[in-house]
Amino acid sequence: MTTATAAKKIVDETVEELVLCPYEAMVILNGALRETEVKKETDTFEKWVEKNNGKMKVTDLWGKRPLAYRIKQHKDAYYVVFNFELSRDRVPAMNKMLRL
């Protein structure tokens, strides 16, 4: 590999890390949580995005709604939709943080 090729590869990898892609994530939180705990969970995600050089656009709290079917004996849950920008290389870490 020539020096120019190696340098181009480094630049391409750096540029890909800096490119922010738009994402939307719907998160479903346990309906037994208090509203303060829901706020804490949403704040945790927002801070994680910012810490990982992303940009939060919108956090839309849909509130507590009934589930279409029971999940672990729960009938309802809090729905939160996040719109944000994040580098592609951080998506696996985000999935791990959200426990997907």
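## Salt bridges

The side chains of lysine 57 and glutamate 85 meet in a salt bridge, with 4.0 Å from N to O; a salt bridge here is a side-chain nitrogen of Lys or Arg within 4 Å of a carboxyl oxygen of Asp or Glu. This pair links distant parts of the chain, as lysine 57 belongs to strand β2 and glutamate 85 to strand β3, 28 residues apart. Helices (H or I, at least four residues) and strands (E, at least two) are DSSP runs, numbered from the N terminus. The structure is a predicted model, in which local features need pLDDT of at least 70 and side-chain atom pairs count only at pLDDT 80 or more, while totals for chains, interfaces and linings use all residues. Residues are numbered from 1 along each chain as its sequence is written, and side-chain values use heavy atoms, leaving out hydrogens and water.

A search of the whole structure finds two salt bridges. Aspartate 43 and lysine 39 also meet through their side chains in a salt bridge, at 3.1 Å from N to O. Because these two residues are four places apart in helix α2, about one helical turn separates them. Aspartate 43 counts as partly exposed because its relative accessibility is 22%, and lysine 39 counts as partly exposed at 48%. Buried means under 20% relative accessible area, exposed over 50%, and partly exposed in between (1.4 Å probe, protein chains only).

## The nonpolar core

The largest nonpolar core has 15 residues, and those with the most contacts inside it are Leu29, Phe45, Val49, Met56, Phe82, Phe84 and Met94. Such a core is a set of buried Ala, Val, Leu, Ile, Met, Phe, Trp, Tyr and Cys residues joined through side-chain atoms within 4.5 Å. Two or more residues come from each of β1 (20-30), α2 (35-51), β3 (74-87) and α3 (91-97). Strand β3 gives the largest share, five residues.

Methionine 56 touches Phe45, Glu46, Val49, Glu50, Phe82, Asn83 and Phe84, not counting residues up to four places away in sequence. Contact means heavy atoms within 4.5 Å.

## Asparagine 52

Asparagine 52 is found in the loop between α2 and β2 (55-71). This residue counts as buried because its relative accessibility is 12%. A polar atom of its side chain lies 2.8 Å from the backbone oxygen of tryptophan 48.

Leaving aside neighbours within four places in sequence, asparagine 52 is in contact with Leu86 and Arg90. Asparagine 52 and leucine 86 are 34 residues apart in sequence, and their C-alpha atoms are 7.7 Å apart in space.

Technical notes: A polar contact is a pair of N or O atoms within 3.5 Å; within protein, one must be able to donate a hydrogen and the other to accept it, and residues adjacent in sequence count only if both atoms are side-chain atoms.
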